[in-house]
Amino acid sequence: NTVNCYKSEGGILRMVWNDQFLRAYVSKNTKSLLSIQVYSIMYASQNRWIRPYQANYLINEKRYTDKGTNIDSDVDCSLSSSTGSCQYRADYGFNLDLSIFQEARRLKSQGIRTFNYRIKTNGYGDIDRVFNVEELLGLEERINSTLKKL
């Protein structure tokens, strides 16, 4: 996975907000890649749940849609007396088509540095996110080296 890649920190406490990473699942038996999942962590403080339900992205101008999985959710109201709202967290995962690495190479060859995706929610509106193309290609390298060791 790419959990230890780039993280955006903010505020005086340098907290990580709206983190995301990629994880790959491989089969030891068949020595092949089974799936690639985006794990997306989202926060909101508008006193409502985020409720993600779908992810959309483009690969070579073709639109892909995945219903995804709600992995976890939580609410923290410990600072609500001073901030006026609770902090809502949603962990959401969805699968990427296995041609994502071809897309990353195509984007890189065109000088494009980011891969964009959108998470649709029932409580917060659309959430647009990006991955750096190099993170995708780095994951591919790691998968290939892992498969060679099996």
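The questions and answers below set values from a predicted model against the definitions that give them their names.

Residues are numbered from 1 along each chain as its sequence is written. In this predicted model, local features need pLDDT of at least 70 and side-chain atom pairs count only at pLDDT 80 or more, while totals for chains, interfaces and linings use all residues, and side-chain values use heavy atoms, with hydrogens and water left out.

Q: What is the mean confidence of the chain, and where is confidence lowest and highest?
A: With pLDDT being the predictor's confidence in each residue, from 0 to 100, the chain averages 88, and 87% of the residues score at least 70. Confidence is lowest in strand β1 (residues 9-10), at a mean of 52, and highest in strand β6 (residues 62-66), at 98.

Q: How many helices and strands does the chain have, and what makes a run of residues count as one?
A: Helices are DSSP runs of H or I with at least four residues and strands are runs of E with at least two, numbered from the N terminus; by that rule the chain has three helices and 10 strands. Along the sequence they follow the pattern β-β-β-β-β-β-β-α-β-α-β-β-α.

Q: Why is the link of Cys 77 and Cys 86 called a disulfide?
A: A disulfide is a pair of cysteine sulfur atoms within 2.5 Å, and the sulfur atoms of Cys 77 and Cys 86 are 1.9 Å apart, so the pair meets the definition. A search of the whole structure finds one disulfide, and this link is right-handed, with 110 degrees about the S-S bond.

Q: What makes the aromatic pair of Tyr 117 and Phe 131 stacked?
A: Rings of Phe, Tyr and Trp (its six-membered ring) pair if their centres lie within 6.5 Å, and planes under 30 degrees apart count as stacked, over 60 as edge-to-face and the rest as tilted. By this rule the count comes to eight aromatic pairs. In one of them, Tyr 117 and Phe 131 lie 5.7 Å centre to centre with 25 degrees between the planes, so the pair is stacked. The pair links distant parts of the chain, with Tyr 117 in strand β9 (residues 114-121) and Phe 131 in strand β10 (residues 127-132), 14 residues apart. Both Tyr 117 and Phe 131 are buried, and they belong to one aromatic cluster that also includes Tyr 57 and Tyr 64.

Q: How do you know that β9 and β10 pair, and which sheet holds them?
A: Two strands pair if DSSP finds at least two bridges between them, and β9 and β10 are joined in the antiparallel sense over six bridges, with Tyr 117 opposite Arg 129 in β10. They belong to an open sheet of four strands in the order β6-β5-β9-β10, with antiparallel pairing.

Q: Why are β6 and β10 at the edges of this sheet?
A: Each has a single partner strand, so one side of β6 and one side of β10 are left without a neighbour in the sheet.

Q: What makes β3 an edge strand of the other four-strand sheet?
A: That open sheet has the order β3-β4-β8-β7 with antiparallel pairing, and β3 (20-27), like β7 (69-76), pairs on one side only. Eight bridges join β3 to β4, and in β4 the bridge partner of Ala 24 is Ile 36.

Q: Which residues does Leu 150 contact, and why is Leu 150 called partly exposed?
A: Contact means heavy atoms within 4.5 Å, and, leaving aside neighbours within four places in sequence, Leu 150 is in contact with Ser 27, Lys 28 and Lys 31. Leu 150 is found in the segment after α3 (133-149), and its relative accessible area of 33% makes it partly exposed.

Definitions and conventions. Buried means under 20% relative accessible area, exposed over 50%, partly exposed in between (1.4 Å probe, protein chains only).
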